[in-house]
Amino acid sequence: MAHPELVGGAAGELSESTVQSLLAASATAIGFEVDMAKYAALFRWRAAHLPGYRDLYEEFAERANGAAQHRGDATFAAAPADRRQAVLADVFGTALSPRSRLERVVAGTFQRHRLRLRDRTVGEALWLFARTDALVQLGYDGWPGAARGLEAYTQALPRHLERRR
Amino acid sequence: MTAPSVAIVGSGIVGTTIAYLLTRRGHTVEIFEKGAPYEYPPARAFENQVFHLHEEPAWPQAAGDVHGLTQSGSYSADVNLERAIVEGGSASIWEALTLRLMPRDFQTRSACGYGVDWPLTYEELEPYYCRAEALLGVSGTDADNPSAPPRSQSHPLPPFELAYDDRVLADRLRPNGVVLHTTPQARTRHSYDGRPACVNLGSCTRCPIGARYSPHHHLARVVESGYGTLRTGVSVRRLVRHRDGRVGALVYQENGALREEEQSARIFVIAGGAVESARLLLLSADTRMRDGLGHSGGHVGQHLMFHHTWYGSLEYDSALYPGRIGGWTAQCQQFCDPPTRGRHGGLKVEFTSQPWLFRLQAPPVPLHSGQAAIDLLRPQVYTRLVGLMGESAPAPSKYVTLSEQRDRFGDPFAHVHYDATDFDHETYRFGREVFDRLAAGTGAVQRTLADAAHYASGHHHLGTCRMGTNEADSVTDRYCLVHGVPNLYVVGGANFASASSVNPTLTMVALAIRAADTLAERLQ
């Protein structure tokens with residue numbers, strides 16, 4: 001992934017509460033009902049194998065929980081959906097969703113660590129979503145990487161030949 | 001080390017085929033591979049790629065001072081990156097399309113007025129094509145392809161049927177006189193020869209279950225037979241001849257070692273790809289062949305041909321949902337041997353099914369929400385990628401020679417020079433006409449095609465040790481034996497006298513089987 005590089009930090013196992021924070025953030029950013037198991041596997045594997053990720057994930061969880069508590073929730077994962085979005089805005093700043101190229105440049109220049117935090121957590125979850133569940137949302141019956149069999153692909157999908165709007 | 005009957009340079013699909021067939025008959029072989037071992041099947045790398053977004057290199061790269069070349073001319077891609085120097089070679093990571101050349105591909109001089117004829121015909125090679133298809137486990141049919149060359153046996157496995165979106169396009173093209181048909185490929189429609197059936201994971205170049213053929217399937221059998229050994233991480237530096245003209249030994253060096261060693265054998269086979277095979281002949285110059293083995297006619301390294309490939313896309317106003325099966329299902333061979341051939345080369349058309357997003361390591365734009373990801377993907381639903389695979393012809397502007405730069409052992413790297421010719425530009429113009437016809441026939445609302453200068457080689461490097469009738473016109477004879485060196489063979493894409501517009505690997509394997517038969521006879 002071409003994001004700001006991570007430096008240092010030993011790879012290692014994630015605590016369950018950190019995983020739950022990451023999944024809550026991912027679900028909030030994705031905004032569609034999806035099975036979160038593969039996202040949990042993504043975070044656990046990257047923490048366990050890639051230097052710097054575990055520390056970054058734990059920092060994210062700590063910041064998100066702190067911001068959630070500031071807003072009156074016990075933890076970020078326990079916060080209702082509408083407040084999670086606000087918490088993520090607190091944690092990531094404009095890096096969460098820059099509305100313009102200028103905001104992206106500002107985030108990249110003055111909020112580099114926040115940008116890194118965003119890209120390496122929900123940014124990567126969204127990339128996994130794009131390669132998997134997003135295809136199903138678009139009307140596909142599966143995604144590359146999953147065993148799709150040798151019959152279904154020869155049949156029409158419900159939205160096949162639907163006119164472009 | 002005990003001398004094997006045959007020493008083979010290169011563990012790719014050609015070297016492995018020869019090794020496998022010889023060891024089955026009880027002959028001993030030793031394979032020398034410059035690259036590193038490859039984890040096969042690459043299940044771990046697949047899982048990391050798909051589920052952990054961790055893209056590993058397609059193969060373990062050798063150090064730059066071992067695996068390198070220099071390059072000049074107008075070809076814009078890095079040829080060095082097109083060569084998988086690794087155990088199993090490029091077929092460790094190939095897309096496994098296994099088509100036969102067209103009969104007239106063997107007679108471009110006499111039938112079309114350009115290039116040279118091969119010293120063998122399609123009819124002579126046809127039985128070996130059948131054996132190659134059986135060896136690789138090719139799934140396919142000619143029943144839907146009126147342009148398919150004649151065959152004496154059906155494919156060993158049934159075809160991968162057209163995808164639904166392929167059929168939609170095929171139905172639109174048929175009234176326009178264009179036939180879109182299935183694609184023969186070396187992946188298993190059913191389980192075959194110990195390989196499992198394909199389950200459509202969609203990542204054919206990194207097949208985690210071995211459904212797509214890889215030389216590793218047979219390399220393992222070579223080693224298990226007890227007749228074959230494989231040495232990886234070993235660079236063969238030159239061949240040394242006896243006074244009688246025969247090669248007595250190859251000189252090799254482990255990539256991390258300080259001194260070189262020799263290995264003798266009765267017969268030597270170079271199967272290192274078109275670039276490295278030519279280089280090794282040139283590096284083996286001696287007092288009687290001062291410019292290189294087999295080079296008395298000046299042909300070693302000459303006649304280099306790429307498989308010129310231009311990519312385009314066709315966009316439609318209704319949803320096609322391409323990419324539901326990995327790799328390729330639909331293609332068109334009816335332009336491979338057109339009546340106008342001679343003014344330009346033939347052309348094969350591929351409608352690829354590869355989802356482009358899956359091949360990216362990172363999002364092309366930052367993603368801020370699930371909806372943004374969906375919006376990024378949506379155009380893919382309406383778009384088909386099209387590949388135009390053009391036949392190139394040999395020319396003085398396309399060759400391999402020795403570089404001024406040297407590898408870690410002090411040997412010159414290969415130098416590749418490649419400039420497209422007027423013939424190639426005419427092939428592009430022909431391709432453009434075909435592309436426009438496909439766009440109009442399928443009702444595309446938008447079309448985009450790379451310009452003439454932006455072609456890929458298909459990673460198909462051909463022709464540098466071409467076969468012919470004598471040393472005045474070629475490097476090897478029709479059985480891949482190097483002219484003037486009675487126990488040295490060069491086998492593979494290097495032998496091609498013409499490039500064709502279809503993928504070359506099945507032909508390389510057919511030539512390897514034919515050469516293996518010859519070797520086995522000699523070893524009796």
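**Charged pairs, within and between chains**

Guide: Start with B:R151, which counts as partly exposed because its relative accessibility is 23%. Buried means under 20% relative accessible area, exposed over 50%, and partly exposed in between, using a 1.4 Å probe and protein chains only. The model is predicted: local features need pLDDT of at least 70, side-chain atom pairs count only at pLDDT 80 or more, totals for chains, interfaces and linings use all residues, and side-chain values use heavy atoms, with hydrogens and water left out. Residues are numbered from 1 along each chain as its sequence is written, while chains are lettered from A and ligands numbered from 1 in the order in which they are written.

B:R151 pairs with B:D142 in a salt bridge, their closest N and O atoms 2.6 Å apart. The term means a side-chain nitrogen of Lys or Arg within 4 Å of a carboxyl oxygen of Asp or Glu. B:D142 is partly exposed, at 22% relative accessibility. Elsewhere, B:K34, B:R83, B:E276, B:R279 and B:D407 form one network through salt bridges that share partners.

Next come B:R131 and B:D517, whose side chains meet in a salt bridge at 2.7 Å, N to O. B:R131 is in helix α4 of chain B and B:D517 in helix α10 (residues 505–523), so this pair ties together parts 386 residues apart in sequence. Helices (H or I, at least four residues) and strands (E, at least two) are DSSP runs, numbered from the N terminus. B:R131 is partly exposed, at 33%, but B:D517 is buried, at 14%. Helix α4 of chain B (residues 122–136) also holds B:E123. That residue counts as exposed, with 54% relative accessibility.

Now chain A. It has seven helices and zero strands. Of its 165 residues, 53% are buried. A:K38 and A:D133 form a salt bridge there, 3.0 Å from N to O. This pair links distant parts of the chain: A:K38 sits in α2 (residues 37–49) and A:D133 in α7 (residues 133–138), 95 residues apart. Both ends are covered: A:K38 is buried at 14%, and A:D133 is buried at 10%.

Pairs also cross between the chains. A:E151 and B:R189 make a salt bridge, with their closest N and O atoms 3.4 Å apart. Between chain B and chain A the count is four. The elements giving two or more residues to the side of chain B that touches chain A are α2 (43–51), α5 (164–173) and α8 (370–381) of chain B. The largest share, nine residues, comes from α8(B). By type, that side divides into 32 nonpolar, 16 polar and nine charged residues. Here Ala, Val, Leu, Ile, Met, Phe, Trp, Tyr, Cys and Pro count as nonpolar, Asp, Glu, Lys and Arg as charged, and the others, Gly among them, as polar.

In total, 57 residues of chain B are in contact (heavy atoms within 4.5 Å) with 52 residues of chain A. Helix α5(B) is mostly covered, with seven of its 10 residues buried. Among them are B:Y164, B:D165 and B:D166.

Over all chains, the count comes to 46 salt bridges.
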